[in-house]
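Subject: A structure for you to look at

Hi,

Here is the structure I promised to pass on. Have it open while you read, and turn it around as you go.

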Amino acid sequence: MTERRTTLQLLDEISDVGVDEKRGGFSRHVFDDAERALRDWFTERALGLGLDLEVDRNGNIWAWWGKAGPDAVVTGSHLDSVPGGGALDGPLGVATALDAVALLQTEGYRPTRPFAIVVFAEEEGARFGVACLGSRLMTGQLSPERALALSDGDGLTFGEAAAAFGLDVQHIGQDSEALGRIGLFIELHVEQGRALEPLGQAIAVASSILEHGRWRIDVRGEGNHAGSTAMADRHDPLVPVAAGILAARRSAASREGARATVGKLVPVPGGSNAIASRVAAWLDVRSERDEDTREIVGEIEAELREAAAAEGCELSITEESYSDEVRFDPALRDRLAAELGGVPALPTGAGHDAGVLAAHVPTAMLFVRNPTGVSHAPSEGASDADIVAGVEALLTTLRAVLR
């Protein structure tokens with residue numbers, strides 16, 4: 001066994017991996033150099049704790065303490081990020097899991113039931129466009145045919161990237177054996193939002209995840225010269241996209257608890273003095289009710305189609321992913337809240353691998369206070385004291401469910 005490294009030390013060890021000098025923050029995408037470096041870091045640290053490592057057919061990493069088997073207690077998170085993301089989204093859950101195991105080992109604890117730390121692949125969906133790709137494949141929520149055909153910004157498919165990483169692409173897909181070993185899953189995560197700060201609480205458990213989906217918008221127009229093309233002669237695909245962005249803001253704002261965002265635009269050719277010939281944009285919509293989510297998307301699509309027709313452009317909209325509202329196992333949620341001294345139970349608008357697993361196994365989440373509420377951005381953070389509180393909360397939780 002190696003000397004114990006605290007969560008803060010573990011996070012510091014990877015603080016220079018995937019630094020994005022252009023955007024700020026970190027860009028760590030599945031199977032790229034940065035994410036591979038983090039996989040190597042996790043492997044080294046897990047082996048140092050005497051854990052047994054395996055990579056499953058979908059690229060998820062499992063570190064087993066003792067013999068792998070059914071009814072396992074599993075914790076963990078992910079190591080990939082959004083472009084220019086923060087330091088804690090994903091890695092905090094992985095580092096606290098490693099730290100909690102080290103602390104249990106220091107106490108002389110030996111598992112009486114199977115136990116594992118898992119690192120899921122492509123949770124953010126930043127490279128191939130589908131969030132929670134590793135857990136969706138494992139559970140069968142995403143077909144291997146669709147996953148293998150997904151492509152990144154350079155045109156490389158997920159199948160090609162997975163094969164280059166060393167996976168057997170013929171076996172990517174539903175993994176009933178891996179899923180069947182999970183007795184319950186607990187994911188610790190930095191809070192995404194600012195609910196804990198006003199409550200004066202460092203820790204919460206999750207109650208639910210809002211319904212959410214992601215749609216790709218493609219608009220084709222006519223590329224032309226910015227200086228020589230009269231306004232009346234233009235077929236600019238950015239114009240209907242702009243109308244869609246404004247519609248998203250209006251539509252979501254009219255419904256309590258709803259969110260709609262266009263966070264990524266790719267105009268072609270992308271010149272400052274050229275009218276684009278085509279534009280791809282991605283729409284993210286979340287709400288507390290399925291009917292609200294679908295109505296918001298419908299309203300946005302209607303505005304897009306009207307604006308595209310007026311501009312003489314072609315429009316297509318493709319649903320890339322959709323998740324119904326997730327309600328975490330109430331008995332497990334209440335048990336953990338009580339074990340942690342009556343911490344609050346909070347909903348979240350962010351998707352997680354825990355949300356994917358919740359349809360199949362008892363699942364819970366712990367949140368660590370984020371004082372500003374900022375996430376998916378460089379200023380995402382938590383105080384050292386709250387991170388330590390998160391380790392203690394996970395440790396208390398694991399003691400409770402392992403006994």
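Below is what turned up, grouped by topic.

Before you start, keep in mind that this is a predicted model.

**Helices that pack together**

A quick bit of background: when two helices pack, we describe the pair by the angle between their axes and the distance between those axes.

Which residues do the touching here? On the helix 3 side you'll find Leu92, Thr96, Ala97, Asp99, Ala100, Leu103 and Leu104, and they meet Ile387, Val391, Leu394, Leu395, Leu398, Arg399 and Leu402 of helix 13. Sorted by type, the residues in this contact of helix 3 with helix 13 come out as 11 nonpolar, 1 polar and 2 charged.

Helix 13 also packs against helix 11 (residues 330–339): their axes come within 10 Å and cross at roughly 125°. Helix 11 and helix 13 are therefore oblique to each other, because an angle has to be over 145 degrees to count as roughly antiparallel. The crossing of helix 11 with helix 13 is right-handed. Helix 11 brings Leu332, Arg335, Leu336 and Glu339 to the contact, and helix 13 brings Thr396, Thr397, Ala400 and Val401. The residues in this contact of helix 11 with helix 13 split into 4 nonpolar, 2 polar and 2 charged.

**Salt bridges**

Now for the charged side chains. Side chains of opposite charge can pair when their charged atoms come close. The count for this model comes to 26 salt bridges. Here are a few to find on your screen:

- Glu13 and Arg5 join through their side chains, with 2.6 Å from N to O. Glu13 is partly exposed at 28% relative accessible area, and Arg5 is also partly exposed, at 29%.
- Arg216 pairs with Asp218, and their closest N and O atoms are 2.9 Å apart. Arg216 has a relative accessible area of 29%, so it counts as partly exposed.
- Glu301 pairs with Arg305, again with the closest N and O atoms 2.9 Å apart. Both residues sit in helix 10 (residues 290–311), 4 residues apart, which is about one turn of the helix. Glu301 is partly exposed at 25% relative accessibility, and Arg305 is partly exposed at 40%.

There is also a network of salt bridges, and it links Arg255, Arg289, Glu291, Asp292, Glu295 and Glu299.

**Backbone details**

Next, some spots where the backbone deserves a look. The peptide bond from Val268 to Pro269 is cis, with omega near 10°. You'll find Pro269 in the loop between strand 9 (259–268) and strand 10 (274–275).

Then there are residues other than glycine with a positive phi, including Phe31, where phi is near 70°. Phe31 is in the loop between helix 1 (7–13) and helix 2 (33–48). Is Phe31 buried or exposed? Its relative accessibility is 6%, so Phe31 counts as buried.

Glu122 has a positive phi too, near 55°. Look for Glu122 in the loop between strand 4 (115–120) and helix 4 (133–139). With a relative accessible area of 0%, Glu122 is buried, because anything under 20% falls in that class.

**One last residue**

Go back to the loop between strand 9 and strand 10, where Asn273 also has its place. Leaving aside residues up to four places away in sequence, Asn273 touches His225 and Ala226. How far is the C-alpha atom of Asn273 from that of Ala393? The two C-alpha atoms are separated by 55 Å, and the residues are 120 apart along the chain.

That's the tour. Send me your questions once you've had a look around.

Cheers

Notes:
Residues numbered from 1 in each chain as written. Predicted model: local features only at pLDDT ≥ 70, side-chain atom pairs only at ≥ 80, totals over all residues. Heavy atoms only, no water. Contact = heavy atoms within 4.5 Å. Helix = DSSP H or I, 4+ residues; strand = E, 2+ residues; numbered from the N terminus. Nonpolar A, V, L, I, M, F, W, Y, C, P; charged D, E, K, R; others polar. Salt bridge = Lys/Arg side-chain N within 4 Å of Asp/Glu carboxyl O. Buried < 20%, exposed > 50% of the residue type's maximum accessible area, 1.4 Å probe, protein only. Axes fitted to C-alpha atoms, helices over the stretch in contact; angles between N-to-C directions. Parallel < 35°, antiparallel > 145°, perpendicular 65-115°, else oblique. Left-handed = near helix turned anticlockwise from the far one by under 90°.
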